[in-house]
Amino acid sequence: MNFDLSSTQLTLQQNFQTFGDMLGQRIASSEVVGGSVTQLFDTGIWQTCCDAGLLSILLPVDRRSSRTPDYTLNLPDEPLSILDAVIAMEGFGQGCHSNALAFALNTHLWTVQHTIQSYGNEKQKGDLLKRLSNGELIGCHAMTEPDIGSDPASMKTTATRAANGFVLNGCKCFISLAPVSDIIVVFASTNPDKAKWGISCFIVNRHSQGITVSEPTEKMGLEAVPMGTITFDDCHVPESALLGSEGAGIGIANASLEYERCCLLASQIGRMQTQLASSIHYARNRIQSGQSIGRFQSISNRIADMKVRLETARLLLYKVASLKSRGEPAMMESAMLKLLVSEHFLQSSMDAMRIHGGLGYIRDGGVEHDVRDSLGGVLYAGTSDIQRNVIAGMLGL
Ligand SMILES: Cc1cc2nc3c(=O)[nH]c(=O)nc-3n(C[C@H](O)[C@H](O)[C@H](O)COP(=O)(O)OP(=O)(O)OC[C@H]3O[C@@H](n4cnc5c(N)ncnc54)[C@H](O)[C@@H]3O)c2cc1C
């Protein structure tokens, strides 16, 4: 068993890290306006990512954008494997301090693009994948409703058959990127009598009649990823909006959740690496009572724990991504990974904040936002409780 990355993988990861670092510097200078931090989704930075090829990593060269970029990630002609994709996105997270940007890109990539790529017919893929990767379109993934979150099988949004298509009614909430989206991958029941087997999945134009998207919801972290509520009020969609077959929605949701839980948090592992390096640097250089604080065991123990969390998270990421690269099922493994990485990132962010003392608490310190951002990770794509339920269920409990 060889745990080393190949030279190609190391180069790929380094390219993404350098790119992330460059963007991070642009964000640092654009986010502070008039002394306060602006928390806006930056379309210019999104476009730079698309132009560089970041949202094309899962596509073959003939489906990618033909624009000439200012910066290129030097992707191979073939799509990256799932393992190489997470290695690349880990590098991005290591370079880019904005968890929000990494989360927005990963959400778009894994819950929208990858879902359409896996289940779309040739017409849907031909129309959408290039435009989703070149920045023309932004997508969001709408599952959660005001009355159902952890139990999507009970969803209330309906899609009723009508002339030449379906009519959607219902409400989806906490949807990342909804306020800036152009298309919505939405789940709705086409046959409520069949419960979860009656759920279907649709790709809907967000500008269709009968759709209202709220203003961005204020939240405690990941501020630059706008989140909103989507209301469907007699929204007519054509038959061609159906993704996969009628009633296949729960299968699509579960399969896409498996990829989401495997891949979405790869950039957080990169961020944990940077967080560890900056905590070590601070612990070596901050002097209290005549010695560096790193010499106090209370500080060095925290740093040792951060290192252990990082290494275990990364090992599990590579294991699960290897399974998905080979097309193998990994329901339990991806739930374990999601649980482990999200909780570890939260815990390490708390440790980094304590190590930095008061500096860790103030906005300018560049440390506190990880605490706020990491909290979202223990909720989205299934809370930690739900991951434990999945693991226990797979163990026959
Ligand atoms: C930053 C962020 C981004 C998000 N982005 C999206 C998005 O893009 N698209 C989308 O559809 N949704 C999104 N969500 C919503 C997210 O998926 C839900 O919030 C989550 O699934 C939990 O659902 P809920 O909020 O309704 O909580 P509930 O399901 O009501 O759960 C409340 C509490 O009860 C616990 N609980 C519930 N059921 C069980 C059970 N069976 N066993 C044990 N404990 C249980 C939960 O763990 C939780 O602690 C996002 C959420 C956040 C925070």
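Predicted model: local features only at pLDDT ≥ 70, side-chain atom pairs only at ≥ 80, totals over all residues.
Residues are numbered from 1 along each chain as its sequence is written. Local features were considered only at pLDDT of at least 70 and side-chain atom pairs only at pLDDT 80 or more, while totals for chains, interfaces and linings use all residues.

The protein chain is assigned domain 1 (7–133), domain 2 (139–248) and domain 3 (252–394), with bounds that come from an automatic or database domain assignment. Taken over C-alpha atoms, the centres of domain 2 and domain 3 are 30 Å apart. Eleven residues of domain 2 are in contact with nine residues of domain 3, contact meaning that the C-beta atoms of two residues, placed from the backbone, lie within 7 Å. On the side of domain 2 that touches domain 3, eight residues are nonpolar, three are polar and none is charged. Here Ala, Val, Leu, Ile, Met, Phe, Trp, Tyr, Cys and Pro count as nonpolar, Asp, Glu, Lys and Arg as charged, and the others, Gly among them, as polar.

Helices (H or I, at least four residues) and strands (E, at least two) are DSSP runs numbered from the N terminus; two strands pair if DSSP finds at least two bridges between them. Strand β4 (residues 158–162) is antiparallel to β5, with five bridges, and Ala162 is the bridge partner of Gly165 in β5. Two residues lie between the strands of this hairpin, where Asn164 has a positive phi near 60°. Strand β5 (residues 165–176) is also joined by nine bridges to the antiparallel strand β9 (residues 227–238), in which Met227 stands opposite Ser176. Three bridges connect β9 with strand β8 (residues 211–213), again antiparallel, and Thr212 stands opposite Thr231 in β9.

Helix α7 (residues 266–285) has 20 residues and spans 30 Å from its first C-alpha to its last, close to the expected 28 Å, which is 1.5 Å times one less than its number of residues. Buried residues of α7 include Ile269, Met272 and Tyr282; a residue is buried if 20 or more other C-beta atoms, placed from the backbone, lie within 10 Å of its own. The cover over the buried residues of α7 includes α3 (82–95), α8 (297–325) and α9 (331–355).

Of the 19 residues around the ligand, Gly149, Ser150, Gly376, Thr383 and Asp385 come nearest, a residue being near if its C-beta atom, placed from the backbone, lies within 6 Å of the molecule. This shell has nine nonpolar, nine polar and one charged residues. Domain 2 and domain 3 each provide at least three residues of the shell, and β3 (139–142), β5 and α11 (384–394) each supply at least two.

Methods: Buried ≥ 20, exposed ≤ 12 C-beta atoms within 10 Å, placed from the backbone.
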